[in-house]
Amino acid sequence: MKFTDVISPFLAWSRAAKKADTIPYPTQQNPGADRYRGFHINDTSKCIGCGRCETICENKAIDMVKVEGIEPTKGDSGLRPVVDYGRCCWCGLCIDVCSTGSLAFTNEYRWVTEKPDTCRYTPGVDKKAWDNEEKGYRQENDVLGWAGSPREEMTIEVPEERIKTFDEVVKGYTVQQAMDEASRCIQCGLCISACPAHMHIPDYLKAIAEGRFVDAVKLFYDNNPLPEMCGKVCTRQCETVCAMGYQGESIAIRWLKRFACEQFESLADVLALDAQPGEPNGKKVAVVGAGPSGLSAAYYLSRKGYEVHVFDRYEKGGGVAWYAIPEYRLPAEGISKQMEVFEQAGVIMNYGKEINAAMLKKLESEFDAVYLAVGLQKPSSARIEGEDLPGVKPAFDFLVSSPEKGEGLKGKTVIVIGGGNVAMDTARTCVRLGAEVILSYRRRVEDMPADDEEIHEAMEEAIDFRVKTIPIRIEKTKNGIRYLYHEAKMIPNPKGGRPSPKPKDDVEHAIDADILFSAIGQTSDIEFIPESMQKEMELKWGRIIVDDKQYTGYKNFFAGGDITPGEGDAITAIADGLRAVQGIIDRLE
Amino acid sequence: MGVNPATDPKKTTHLFFGPQHPGVTGNMSIEMWFDGDQVTKAITHVGYLHRGFEKLMEKRLWIQNFPLVCRICVPEPDINEECYALAIEELAGIEVPERAKWIRTLVLEMGRLAMNLMAFGGQAGTVGLGTGAMWGITFRDFVLDLFEELTGARVYHIYIQPGGVRRDLPRGFRKRVHLVLNKIEKRLPEFDRLILNNAVFKLRTKGIGVVKPEWIEEYGLVGPVARGSGSVRDVRKDAPYEIYDKLDFDVVTETGSDIYTRAIVRRRDIDLSISLIRQILGGIPAGPVATKLPNLTEWRVPAGEYYSRVESSRGEYGYYVVSDGSLKPRRVHVRGPSYVHAVPLLERMLIGANIADVSNIMVSLTTCPPEIER
């Protein structure tokens, strides 16, 4: 043994004269690091109550509960996370997956309380000392990407090729793409409340993610008898509230619905026993109009055992979807595939029968209930001079006339007035027929009621968008017409909403064209309802006002779809049909 | 039937050491029989942790196991996250960005440094030199400050994830790591004077707790226990993971085989970690730190099995992960070095040991009971 070995340990005493490494608590206190995983905070106004924090928490420390003062709305469950510090391990998974980024940790870690119950609290609702703490572990979705991811890209035909034909623009997902896309769903179910028909979206997305496509189709038919049509042209209100859309892209719910339907040549075969008429109950229901609303009411009534007769003026069912949406968006074979299901379910179709006042009277006496789902038939008027010139036509009538089968418009110049889907459909159809198309709209592009995709694709197809143009009049020229307009300025609406256009100056601008299509909307045509009946119903701007079960107030008459006030899209019409089924059952039983 | 002389109640004293004892590492106990103050027989007991990590993991989503695996080794949690992440990455075919690999290596070395500082000081504690234990804990705390800044937590970092790490380095982090390393390095000679150049420590550790070199193969010993007896096994060199093949280092090895040698190995490991951290800090490339993962709550890791291994401060550490392609692991098996060190090896080493050296021997193996009872 060396002498130094005896002495050297005592040198440690030199530390006694130096500053200690330890922190003399409580006179000196260390704050948590900037990124410290301390106590929770939640921006309750940003939180949508999707419950992903609850799902990811491996300790079951988070429960979603109803909070007073926060009501459920479309896209917000009204629930907020409650954290139990008896279970929490501060791993921060809840923070990193929070779809809106509202949940966060502060760097505060000291909390002394006599009341153990307060250790289970609702961040952001129950006031805590650290609520305004700015430092702490925050989500960095750009680093991790756990809170939102990009969508599986859909193959879309390039504009140069697609304008040559009426072939479908959207090519659809492959099986792998669809399963990957569907597996992005976090099963929060916010979409269900946003969908007018309350479809089982999380369930069928899960089925698609797991490759159970038959199950997915059966789930569609639970509350939507036109899934393939909705899979192609739905306004997809579900996607607007998708939790994945906040920090990524919303799930392509519409494309996935389309994908699942496209996996089968016959939907009737897939559904088999699930789409059979119910046990007859001896009651008869007449449905006027074979559009989405009429068909959905007919399908579910027939499944309940009612004898359902559908009447439509056209030779095939499907309504607007069938005769006005162009082939490149909704090919005809998809519609006939879906119509087979109605026949299998026992719905009796009476095509080519336009209902007039006398016939409606007859229906009233022959059937136990009547469902009016005739939609909007009459094109609106632009109320400008020259509207009755021969070169000026309603766009809606043009779309209905199967223009793809007619002679082309090669070398012609076409003007389309309007900014809705009908305007886009008309303009894009004319492009495919070889015309040069100019689209005139009163407000800005962002104010257009058409789908964003429609607008975007129309722009890609070299349609000349003349926005902020107010029509003045249409004049006749030697070879065609002359469209005159003012340039507009936007006056903001003090109540919010779209601005109103006003002429910028007195200058009149002119475009010479061969044809002008007016696509500024449709209005109802209720002349087929006898006046005596109309008096018994509540009408507003030509539309029938109904209660929450689509009852008109007149005998056993129900109404739904575009003939009643609403969103004016297919899925809302389908939802009306579903409500009418309940209304009819309640009334007849 | 004759009475076993090792447990003869007339000649031996029967005692339990632990689980509630400061000289025991973690939650385990040793049942011992003594003849005078010499151990005649020792049986180790585990079962006080009652967590069942491996079984729990089968009931949780893949990602939910990260807050769990780190608890299998409290002082050095990162190796668990690393092993589990490596296995998932292999099964799911996930590429890890280069920067993330460097940061992971940094974290692993910081964890190793913290663990070795505590273990080195702890060794002094078992011979009654409490100051050494306190200093070890204090130095470790300097490293934990860095972990807190980087990961948001001092002990359970939950930082390494499949596809990378959860956060990028904070601004100015490298500089602060250098400062801490300098501070520790400046104090290490003091540490040496207190522990290694201490007459009492030498008397209590030299020639005691000898691990015979032939036991290395017999028991499958790894880490400082094997390297103190002449082994040169080190997964970082033998099967480099992350960026260890880009770092310049030699495996620390000594031949003394006793407790004192193992303390020296640990002390040299501290120097090695400091050198490696400096090398890493000088080479971290720019770029992303994480690969995007699928939806975590619906993530099905493709079916397959994989054994991932890393070098922990106690030797080779491995995870055998089996996936049946579902949302949760089918089976996860944790192979920690403590399994052989703290059960068969310890039981053998204790025979003939003095009662006062039991804790000393046990701590020199740096055993970690959760690795045994996982």
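Start by selecting chain B: of its 374 residues, 52% count as buried (20 or more other C-beta atoms, placed from the backbone, within 10 Å of a residue's own; exposed means 12 or fewer, and partly exposed lies in between). Before you click further, note that this is a predicted model, where local features need pLDDT of at least 70, side-chain atom pairs count only at pLDDT 80 or more, and totals for chains, interfaces and linings use all residues. Residues are numbered from 1 along each chain as its sequence is written, while chains are lettered from A and ligands numbered from 1 in the order in which they are written.

**Chain B, whole view**

Color chain B by secondary structure and you'll find 14 helices and eight strands (DSSP runs numbered from the N terminus: H or I of at least four residues for helices, E of at least two for strands). The C-alpha trace of chain B spans about 65 × 50 × 35 Å along its principal axes. A compact globule with 374 residues would have a radius of gyration near 21 Å, and chain B agrees, with 21 Å (taken over C-alpha atoms; the globule rule is 2.2 Å times the number of residues to the power 0.38). As for contacts (C-beta atoms, placed from the backbone, within 7 Å), 71% of those in chain B between residues at least 6 apart in sequence join residues at least 24 apart.

**A helix pair in chain B**

Now select α6(B), residues 173–194, and α11(B), residues 259–281. These two helices pack at an angle of about 160 degrees, their axes 11 Å apart (axes are lines fitted to C-alpha atoms, for helices over the stretch in contact, and angles run from 0 to 180 degrees between N-to-C directions). That makes α6(B) roughly antiparallel to α11(B) (over 145 degrees; under 35 is roughly parallel, 65 to 115 roughly perpendicular, and the rest oblique). Show side chains for R174(B), V177(B), H178(B), L181(B) and E185(B) on α6(B), which meet I274(B), I277(B), R278(B) and L281(B) on α11(B). By class, this contact has five nonpolar, one polar and three charged residues (nonpolar: Ala, Val, Leu, Ile, Met, Phe, Trp, Tyr, Cys and Pro; charged: Asp, Glu, Lys and Arg; polar: the others, Gly among them).

**Where the chains meet**

Bring chain A into view: 32 residues of chain B are in contact with 36 residues of chain A. On the chain B side, α2 (66–69), α5 (130–151), α6 (173–194) and α7 (199–205) are the elements that give two or more residues. Which element gives the most to the side of chain B that touches chain A? Select α5(B), with four residues. The side of chain B that touches chain A has 13 nonpolar, eight polar and eleven charged residues.

**Over to chain A**

Chain A has 22 helices and 23 strands, and its C-alpha trace spans about 120 × 65 × 45 Å along its principal axes. Of its 589 residues, 45% are buried.

Zoom to α19(A), residues 421–432, and α20(A), residues 452–460, which pack at about 25 degrees with axes 10 Å apart. That makes α19(A) roughly parallel to α20(A). Here N421(A), M424(A), A427(A) and R428(A) of α19(A) meet E454(A), I455(A) and A458(A) of α20(A).

**Last stop: D451(A)**

Click D451(A), in the loop between β13 (436–441) and α20 of chain A. Is D451(A) buried or partly exposed? D451(A) is partly exposed, with 18 other C-beta atoms within 10 Å. Leaving out residues up to four places away in sequence, D451(A) touches T235(A) and N421(A). That N421(A) is one of the α19(A) residues that meet α20(A).

Note on methods. Contact = placed C-beta atoms within 7 Å.
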